[in-house]
Amino acid sequence: MNKSYVIGVDYGSDSVRSVLVDANNGEEIASSVFYYPRWKRGEYCDAALSQFRQHPLDYIEGLEATIKDCLLKSEIDNIGAAVKAISVDTTGSTPVAVNAAGVPLALLDEFKDNPNAMFVLWKDHTAVGEAKEINLHNQNSSVDYLKYVGGVYSSEWFWAKLLHVFRADEKVRAATYSWVEHCDYIPFLLTGGTQVSAMKRGVCSAGHKSLWAEEFDGLPPNSFFSTLDPLLDGLVDRLFFETYTADQSAGQLSEEWAQRLGLTTSVVVGVGAFDCHMGAVGGQIEPYYLSKVMGTSTCDMLVAPKEEVQHTLVRGICGQVDGSIIPGMIGMEAGQSAFGDAYAWLKQVLLWPTKNLIQDIEEIEAHTREQLIATLEDKLLFSLSEQAALLPVTATSELALDWLNGRRTPDADQSLKGAITGLHLGTDAPRIFRAIVEATCFGAKAIVDRFVEQGIPVKGLIGLGGVAKKSPFIMQMMANVMNMPIRIHKSEQTCAIGAAMFAATAAGLYDRVEDAMKAMGQGFERTYIPEEKWVTIYAERYEYYKALGAFIEGKESLAITV
Ligand SMILES: Nc1ncnc2c1ncn2[C@@H]1O[C@H](COP(=O)(O)OP(=O)(O)O)[C@@H](O)[C@H]1O
Ligand SMILES: O=C(CO)[C@@H](O)[C@@H](O)COP(=O)(O)O
């Protein structure tokens, strides 16, 4: 029997990963990773301003390189003809300004080095002011357009970002015809789209970030946006009306891309969606289980049958959208803006002297310096975890707040900041690390609490993503803090595998993505069980965490009024 293969492409924050998968059983034949070169050099970004932009060429080069690499590594004869479909997931909201042909402005010579003409990465928070304005504007609207996105609009999302760019850059504004999400752009590119008006937009990005809802007959009307800012007048008519679930086809591979990749034009390209949504499917999500994709940030995904939850609005999450994860079910998303990024921050602080001062020590040869830095970079989090695991936890241990990149859920507010308290002369690096890890676990508990308070039961936890796989220390603490077992999925590339499952469904190899999930899912590798002896102290400290959060929030609003 001829085998069928599918490709899943997962665009993360730092790299794009592709997997070539046997569509019958989910066996991973090959995988390939490409780190965005311009992003790695820190180009077009300014962390102090929370500006994070990505050049479309980083994405396009990575797409070609990883898919070709997978095909080459597979060593399967005539593999090009056996690939049936490609699906793509990306971070989001990561939108870009495009011309009428759907070309991101940064691909035009005039804008090639202009960060405002590039993709505005999910973690770019330059639009904090615009998000606040959208929230106020909605309060004065006769229709609550934020009801399906948790009642609060975030600076991480589509409208806040595009309004910010329009205000900041007149030239970009004048050249813009429409705006598109990264996850909708890549399928459009692969299918050779030439008119942005014909681009198939996914319901996932549209519903969670752009305020598209069936109840509103699509996006909010032009009057909502033109009264927010006249610069937005008319834009909504150049965006989109229809949306599609990710099990549908966006078209077939164009002649140009078939040639570039060594595939055929009969390859089906699936409709795109966000990484964590496809990741939840790759990680075999079940109704009312919170699938936690734990990487740079977390995305906490939950599905529930439509008939059971369609009248329950959950406040303060990142949206509830019909079909955003599994077609036919309501997909709910919540998350933390910094999870692994909080550990990465501490790592960078601790490595600062090594990275900076060591350059001046002539006695150390250049390659030894580089080796030393690389080794420390590799080992630091593992070794901090080992030491932190040995520490006692008491009511007075150092306490931290995880809002280093603002707070996504509950109740998005990206202007909030992190904090560490309870420091003393005995506080060392492992103790600070322990407190930060604990804070990220408390942040995760606040999300579960919010779902439960709002009438959505959480029956269990599924752990996915880099941190879930790499850190037994963090996962055990998560189980202890939550007082709930957490099952870790086997898959190393859950998001890309999820994309491959959607590709197989879009190509018609399965009727429903649930069937693909069953046939291609890799199962779970281990479960962390709460340790009785720690549960009580974490429950006590969680109350301190909430009090610290309330204090910091109160202090900030005081500072603003002063
Ligand atoms: N040993 C470790 N312990 C805890 N966190 C880690 C460890 N190694 C890497 N990380 C964190 O994992 C995050 C990257 O997660 P990953 O899922 O690989 O990427 P992405 O979020 O781009 O999909 C980084 O923020 C990093 O700080
Ligand atoms: O916010 C979303 C999706 O809504 C994610 O794309 C974003 O958190 C990025 O995820 P990563 O942490 O890079 O895996």
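Predicted model: local features only at pLDDT ≥ 70, side-chain atom pairs only at ≥ 80, totals over all residues.
Asp 449 sits in helix H15, which covers residues 429-453.

Next, the domain record. UniProt, in an unreviewed entry, lists residues 292-507 as "domain: Carbohydrate kinase FGGY C-terminal". In our model that span is 46% helix and 17% strand, and its end C-alpha atoms lie 28 Å apart.

Let's turn to a pair of helices. H13 runs over residues 340-357 and H14 over residues 366-389. They pack at an angle of about 150°, with axes 10 Å apart, and their crossing is right-handed. Who makes the contact? From H13 we have Tyr 343, Lys 347, Leu 350, Leu 351, Thr 354 and Lys 355; H14 answers with Ile 373, Leu 376, Glu 377, Leu 380 and Leu 381. Sorted by class, that contact has 7 nonpolar, 1 polar and 3 charged residues.

Last stop, ligand 2. How many residues surround ligand 2? There are 14, and the closest are Ser 13, Thr 91, Gly 295, Thr 296 and Ser 297. Two elements each give two or more residues to this shell: helix H11, residues 275-282, and strand S15, residues 329-336. As for the classes, the shell around ligand 2 has 8 polar, 4 nonpolar and 2 charged residues.

Note on methods: Residues numbered from 1 in each chain as written. Chains lettered and ligands numbered in written order. Near = placed C-beta within 6 Å. Helix = DSSP H or I, 4+ residues; strand = E, 2+ residues; numbered from the N terminus. Nonpolar A, V, L, I, M, F, W, Y, C, P; charged D, E, K, R; others polar. Axes fitted to C-alpha atoms, helices over the stretch in contact; angles between N-to-C directions. Left-handed = near helix turned anticlockwise from the far one by under 90°. Contact = placed C-beta atoms within 7 Å. UniProt positions renumbered as here; feature names shortened; annotations may be inferred.
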